[in-house]
Amino acid sequence: MSLEKADVEKIAHLARLQINEQDVPEYTRNLSSILALVEQMSAVDTNGITPMAHPLDIAQRLRADEVTEENQREKFQKIAPATENGLFLVPRVIE
Amino acid sequence: MHNKTISELAQGLRDKAFSSVELTQYYLDRIQQFDGDLNSFITVTPELALAQAKAADEQLAAGNATALTGIPLAQKDIFCTDGVRTSCGSKMLDNFIAPYNATVIEKFNSAGSVMLGKTNMDEFAMGSSNETSFYGAVKNPWDLDAVPGGSSGGSAACVAARMAPASTGTDTGGSIRQPAALCGITGLKPTYGRISRYGMIAFASSLDQAGPMTRDARDAAIMLNTMAGFDARDSTCLDKPVPDYTADLDNRLQGLKIGLPKEYFGEGLDSGVATAIDAAIKEYQKLGATVKEISLPNTGLAVPTYYVIAPAECSSNLSRMDGVRFGYRCENPVDLEDLYKRSRGEGFGEEVKRRIMVGTYALSAGYYDAYYLKAQQIRQLISDDFKKAFEEVDVIMGPTTPEPAFNFGEKSEDPVSMYLSDIYTIAANLAGLPGISVPAGVVDGRPAGLQIIGNYFDEARLLNVAHQYQQVTDWHQQGPERYL
């Protein structure tokens, strides 16, 4: 599957990754060759095969809906880039 | 001293031949002496190590020692360590001081071991050569022009160079077993769900598993005893009892049925590696095992399948690196979109960005069925191949890698050729089966590894099978001259 420049730009946007204009051709080449590798899958007949999400024969473990953790906001916010009054600061989202 | 195994060092500590503080200082000195050339550590923690060693000496004196009390270990920089930088080999987490310990680290702390430092690795565990690390490549102690393998390249190199008696690694597509093979050490990836992933920075959640990297199977068993076990904080960690993995090491192998997949011995296998593996199989036959050719027909699909599933899962896991709550943030973001795009664009390296993009594509509307769903179906087929094989054999053997360590730069320009070096290791991750690599030879100065794959939760047998081989051969005791 060969990708176009526009495909790569769209994927980068979905993944919220900034890609420099001059690097787009190389990304396009590399991604196309990885997708060519992956193309081999289409040769296999998988009709009726259940997809395997993980190797375990279990369902999600549940627990009682009780508070078991302590609030450690201060500790966890110590390493944040910007905080104020217990909130994480980001550029304005809503005008 | 540095050629001693964990079990020998533990004996020395018990016999008071040396203290943990002396032992720890000894290894810290070796790191100082040798790691400038190898770059296997991202962060060395001398004060912490010596404080832990002092506490360990007190435990030893009080008669409260475990098998790992006072033993210095190196931890892959993917495990969160409270108060210590946890970088995952990335600029994105270069400033990340973990605010908690991974379960694996907690277990080692409870056992009283000593942490020498955090080892270098491919960025976010994505790589097979340790060339993608933000902190620079790691060199293979056997040959400084060669890669140590990856992603646990630093963990493998520091053990091969005897800068630590053992280390931890993680394995998603081969990242413990492949560097163990390329560096001539023993590396075990347990069954998926055997060891808690809590606090282990996630790459591909259905594939990742932690494991020991040591100089022999006995040491791996000792480490696994501490690392394994149920953890309520990891919903993929199974509540299965942990046996004493050292108990069965001395079992005789008479009657052991070994399967050799014909797909593992075909084209692409280096003749020197093939010779080493053939010699290893003969040793097993001398020990009383029988050998049978088997087929794992979907082997050829393992790499393509993995390179849909792992990138898809990583694209999801790495979406948490957004410059908001921790880690790298770009300068002067103009709006939220700019914050995300430039923090991630600047914070992540090329290979990581490639894989995020492949994963995003595979999961996106219109492509999910053709890629991700299809891959999961093939994953089922690959798993079924193993299930059928284990009806006839007890363990499966083959080479860990198609060739010994390659040179720097040889595969880094072509992602696909790099991916193919995981051809023998990847299927075990897809199926969730345990696998171990043991040193089986040296080819033109570079080690070759034998891989043994076991059935689910059959680590005790795997370790026994590895140990018996190490009783009749001495590849695992060899090392690069300079570090012996």
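A: Let us begin with burial in chain A. Of the 95 residues in chain A, 17% are buried. Please bear in mind that this is a predicted model.

Q: How many helices and strands does chain A have, and in which order do the elements run?

A: Chain A has 3 helices and 2 strands. Read from the N terminus, the order is α-α-α-β-β. The radius of gyration of chain A is 22 Å, whereas the globule rule gives 12 Å for 95 residues; the chain is therefore more spread out than a compact globule. Its C-alpha atoms occupy a box of roughly 55 × 45 × 25 Å along the principal axes.

Q: What does the radius of gyration say about chain B?

A: A compact globule of 484 residues would have a radius of gyration near 23 Å, and the 21 Å of chain B agrees with this. The C-alpha trace of chain B spans about 65 × 55 × 45 Å along its principal axes. Chain B contains 15 helices and 11 strands, and 61% of its 484 residues are buried. Among contacts in chain B with a separation of 6 or more, 76% are between residues 24 or more positions apart.

Q: Is α11(B) mostly covered or mostly uncovered, and what do its buried residues pack against?

A: α11(B) is mostly covered, with 10 of its 14 residues buried. Among them are Val352(B), Ile356(B), Met357(B) and Tyr361(B), together with the charged residues Lys353(B) and Arg355(B). The buried residues of α11(B) pack against α1 (5-14) and α2 (24-38) of chain A, and also against α9 and α12 of chain B.

Q: How is the packing of two helices described, and at what angle do α7 and α15 of chain B pack?

A: Two packed helices are described by the angle between their axes and the distance between the axes. Helix α7 (residues 217-227) and helix α15 (residues 459-472) of chain B pack at about 155 degrees, with axes 8 Å apart. An angle over 145 degrees counts as roughly antiparallel, and α7(B) and α15(B) are therefore roughly antiparallel to each other. In this contact, Ala217(B), Arg218(B), Ala220(B), Ala221(B) and Leu224(B) of α7(B) meet Glu459(B), Leu463(B), Ala466(B), His467(B) and Gln470(B) of α15(B). By class, the contact has 6 nonpolar, 2 polar and 2 charged residues.

Q: Finally, where is His54(A) found, and which residues does His54(A) touch?

A: His54(A) is found in the loop between α2 and α3 (73-77) of chain A. With 16 other C-beta atoms within 10 Å, His54(A) is partly exposed. Leaving aside residues up to four places away in sequence, His54(A) touches Ser206(B) and Thr236(B). His54(A) and Thr83(A) are 29 residues apart in sequence, and their C-alpha atoms are 38 Å apart in space.

Technical notes:
Residues numbered from 1 in each chain as written. Chains lettered and ligands numbered in written order. Predicted model: local features only at pLDDT ≥ 70, side-chain atom pairs only at ≥ 80, totals over all residues. Helix = DSSP H or I, 4+ residues; strand = E, 2+ residues; numbered from the N terminus. Rg over C-alpha atoms; globule rule 2.2 N^0.38 Å. Buried ≥ 20, exposed ≤ 12 C-beta atoms within 10 Å, placed from the backbone. Contact = placed C-beta atoms within 7 Å. Axes fitted to C-alpha atoms, helices over the stretch in contact; angles between N-to-C directions. Parallel < 35°, antiparallel > 145°, perpendicular 65-115°, else oblique.
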